[in-house]
Amino acid sequence: MSQNRRMMKLGAFLPAPGHHVAAWRHPNARPDGGLDFDYYRSLAVAAERGKFDMIFLSDGAGVRTKYKDADELSRQGRMVHFEPLTLLSALAVHTRHIGLTATASTTYNAPFTVARQFASLDHLSAGRSGWNVVTSATDAEARNFNLDKQPEHAARYHRAREFMEVVTGLWDSWEDDAFLYDKESGRFFDPEKLHILGHQGEHFSVRGPLNVARPPQGHPVIVQAGSSKDGQDFAARWAEVVFTVQQTLEQAQAHYRGLKEQVAAYGRNPDHVKIMPGAFIVVGRTQAEAEDKYATLQALVDPVVGLGMLSYQLGMVDLSGYPLDGPLPELPALEGSAGKQAVLYAQARRQGLTIRELYLATAAGRGHRFLLGTPEVIADQLEDWFLNEGADGYNIMPDYLPDGLDAIVDLLVPELQRRGLVRREYEGRTLRDHLGLPRPDFSRTPASAVTA
Ligand SMILES: Cc1cc2nc3c(=O)[nH]c(=O)nc-3n(C[C@H](O)[C@H](O)[C@H](O)COP(=O)(O)O)c2cc1C
């Protein structure tokens, strides 16, 4: 396998029960896995066996699941789980190669804390950490942080931009070789190599330095998954990995090309931003086996959950008075409107779907690309986008865990390896090495400029 060949990047996106809305109810699923370290350890080890670039743990600053009442909430499967940086710190000890990426919000954290946590994780894991930077998107989270409502979208991104200046500045508090530990001379570090940030901005006043040495990767890898205009602009400026949601190659290409252009406009190298659409995967040895697996999960979708999900996707329309096996009613407010809910509504009208059929049709990937079939069929589709400017890799979303991840590692990954699309062995050491990303150069003004 040539070192220079472009390789497909793979992330394993691992919410405790898996991605299908009924995953937790599968007979082999572990509904209590969100707070079981051995369970997560075995998932991380499986992903490492599959030579994934990284695992990814999403997160919210509270219970983010959309629900209308306690009855609906009580039927969801992702209520409680480890705080992801704590979990990744423990997983760092039980893995050797795989990247460890998690979400932290710029809206509900202080930059010093986040800089310190990810720098620590990078040291603990010898250079394998990644931060999915989110601005958060629910009032449920705001209510855990002294607010009734979340701040406006533009204000969240405004804060996020300054947040990044502070965090990256703090990571550059110390030059890479600042620490001498010289017992003889009595110098713990070289004072010339300490740099005080001295940030004074609109949202933050942070002097520094960070009380963690420069991370092994220089900076942990920056990941971003916002899809709004602000989100894409933020990604173009800061992100090194971008998670996206697309269904068709045309959509994926339009986004891929547009974002790479925006990256170049910021003076950055477009190859240093890896675009990874989500891929919800149900793989079987045969087509029939894959279809059976999917049918098992679909049969487990609780109507209360399915209906709640659909009503949310349609813009909180109340469908509770209508029979599940009857047609989707006329919803005049959605006629001729734009956006995701209109697409869904039009699909139901066009195909004559019942309410149940419509929620089942969206129960799997929640908008992500949905791939079902044999390893060959799925590999063909992953390869297509990868070779045609739709993707640099994928954020792989197993249907349910742990079996779904094992099936991907044991069936799909070997097929991708046979095609030379993914590695057979880890060659580098850090997450940046795996992804082919450069280590950021050190950049700070000398301490003497701001110490006064
Ligand atoms: C694959 C993927 C993972 C995401 N993970 C998170 C997450 O862990 N936490 C979160 O609050 N939002 C997550 N998001 C949503 C957005 O990234 C996030 O809420 C964002 O800050 C809102 O930005 P936007 O308005 O630009 O879309 C994710 C989105 C995608 C596509």
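Predicted model: local features only at pLDDT ≥ 70, side-chain atom pairs only at ≥ 80, totals over all residues.
Residues are numbered from 1 along each chain as its sequence is written. Local features need pLDDT of at least 70 and side-chain atom pairs count only at pLDDT 80 or more, while totals for chains, interfaces and linings use all residues; side-chain values use heavy atoms, without hydrogens and water.

**Stop 1: the ligand**

A polar side-chain atom of Thr103 is 2.8 Å from a ligand oxygen atom. Backbone N or O atoms also lie by ligand oxygen atoms: one of Ala225 at 3.1 Å, and one of Ser227 at 2.9 Å. On its own the ligand has 630 Å² of accessible area, of which the protein covers 86% (Shrake-Rupley method, 1.4 Å probe; for residues, only the protein chains shown count as cover). Helices (H or I, at least four residues) and strands (E, at least two) are DSSP runs, numbered from the N terminus.

**Stop 2: the nonpolar cores**

A nonpolar core is a set of buried Ala, Val, Leu, Ile, Met, Phe, Trp, Tyr and Cys residues joined through side-chain atoms within 4.5 Å. Buried means under 20% relative accessible area, exposed over 50%, and partly exposed in between (1.4 Å probe, protein chains only). The largest core has 72 residues, and Phe52, Ile55, Trp131 and Tyr394 touch the most other members. Apart from it lies another core of 23 residues, including Val305 and Ile355.

**Stop 3: Met164**

Go to helix H6 and select Met164. Its relative accessible area is 0%, so Met164 is buried. Beyond four places in sequence, Met164 is in contact (heavy atoms within 4.5 Å) with Trp131, Val133, Gly169, Ile222, Phe234 and Trp238. Phe234 is 70 residues away along the chain, with 9.9 Å between the C-alpha atoms.

**Stop 4: Thr107**

Thr107 sits in the loop between strand E3 (99-105) and helix H4 (111-124). Its side chain reaches the backbone oxygen of Thr135 at 2.5 Å. Thr107 is buried, at 10% relative accessible area. Outside four places in sequence, Thr107 touches Val134, Thr135, Pro151, Arg156 and Arg159.

**Stop 5**

Gln298 is in helix H9 (residues 287-299) and is buried, with a relative accessible area of 14%. The Gln298 side chain reaches the backbone oxygen of Leu360 at 2.9 Å. Contacts of Gln298 beyond four places in sequence are His20, Leu360 and Ala363.

Finish at Asp399, in the loop between strand E13 (393-398) and helix H14 (403-418). Asp399 is buried, with 2% relative accessible area. Among its contacts beyond four places in sequence are His19, His20, Phe280 and Leu297.

Definitions and conventions:
Polar contact = N/O pair within 3.5 Å; in protein donor to acceptor, adjacent residues only side chain to side chain.
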